[in-house]
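Subject: A structure for you, and the spaces inside

Hello,

Here is the structure I promised to pass on. Have a look at it, then read on for what turned up inside.

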Amino acid sequence: MTIQKHTMTHLPLGDHKTAPWYGKDILSVKQFDRLDLEYIFGVAHEMHDMVDHIGTFDLLKGKILANLFYEPSTRTSSSFTAAMERLGGSVIPINEVKYSSVAKGESLPDTVRTLECYADVIVLRHPEVGSAAIAAKAARKPVINAGDGIGEHPTQALLDAFTIREELGHIDGLTVTLLGDLKHGRTVHSLARLLSLYKVKLNYVSPDILRMPAELMDELSQKGVEQTEYTTLDACLPETDVLYVTRVQKERFADEAAYESVKGAYVINAEVMKAAKQRMIVMHPLPRVGEIDPAFDEDPRAAYFRQMEYGLYVRMALLAMVLGKA
Ligand code: NCD
């Protein structure tokens, strides 16, 4: 592609078949180190500039993405579609697997092998932990994990970290409080892991039955991350730089009564936020189902709608990288 001089950027976009991410899967945040993140954030920043200046451009012209979603999604699926189309590529959307051969009992490896005949990259959301790795094993083309059950959601964590950096200027030295369903929330699992690459203090606020998994806490302790658990927000809100709110993941509960007992555990509103710093941000991967009062949306600290926009730029960067164009 040719980039106009006035939009010429610091990081090269173009053909980079030797680029380290060319042809790679993105399955877990464990794949990334800090240098990778700096690179991804740099490319995402550049994508933001390009979208602002020219909207859509031809970096991935002729490339096709298969967007394979076995679970509901609004932001992840539409932002991958928008990312591909803003880069000049196109998308095979399979959101309703019930209308595909999955409904006839086709296995995930067979579905993936089929789609890679037609597409250059596959984005997969699936209810089972490890499904993205199974798909990646079956496929020769890159597979991007868009959420595997309660496992990981690496592209969300990347956009979350990018949001923190864009909004607060840096990540080192911050106190990040993760609130809500820390047991089933794949976004917080990936984000906590990714933040362990930085010097952060992590607070976990959840009902007792929705605590952060012990194995994940052990993994982070071994990396020297300071982690503290709470059941209420009041003790740690005043020191918090990033409050990351999550919904209670109703679909992951075997027992409806257990869900009912914790569903309204925390509500963020203007009154609660009086105890927080003036310069801090509130994030949420969305959808929200009552954890944040919509009246709080006008507060400048409410970053969740900006966060989903940053997701577009990060996903543009990732697609360009795995397709050898960044
Ligand atoms: C999240 C997910 O699917 O894990 N949504 C998203 O991708 N933005 C969060 C959720 O469903 O609660």
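Three helices, H2 (75–86), H5 (154–168) and H10 (304–322), each supply at least two residues of the lining of the largest cavity. Helices here are DSSP runs of H or I with at least four residues, numbered from the N terminus. A cavity is a set of points on a 1 Å grid over the protein atoms alone where a 1.4 Å probe fits but cannot get out, and lining residues have an atom within 4 Å of a point.

This is a predicted model, in which totals for linings use all residues, while local features need pLDDT of at least 70 and side-chain atom pairs count only at pLDDT 80 or more. Residues are numbered from 1 along each chain as its sequence is written, and side-chain values use heavy atoms, without hydrogens and water.

Which helix gives the most to that lining? H10 does, with five residues. The lining includes Arg75, Gln156, His284 and Tyr304, and its residues divide into five nonpolar, five polar and two charged. (Ala, Val, Leu, Ile, Met, Phe, Trp, Tyr, Cys and Pro count as nonpolar, Asp, Glu, Lys and Arg as charged, and the others, Gly among them, as polar.)

The second largest cavity has Leu179, Thr246, Lys263 and Glu291 among its lining residues. That lining divides into five nonpolar, two polar and two charged residues.

As for confidence, the chain averages a pLDDT (the predictor's confidence in each residue, from 0 to 100) of 94, and 95% of the residues score at least 70.

Enjoy exploring!

Note on methods. On a 1 Å grid over the protein atoms alone, a cavity is a set of points where a 1.4 Å probe fits but cannot get out, and a pocket is an open set with protein on both sides within 12 Å along at least five of seven lines; lining residues have an atom within 4 Å of a point.
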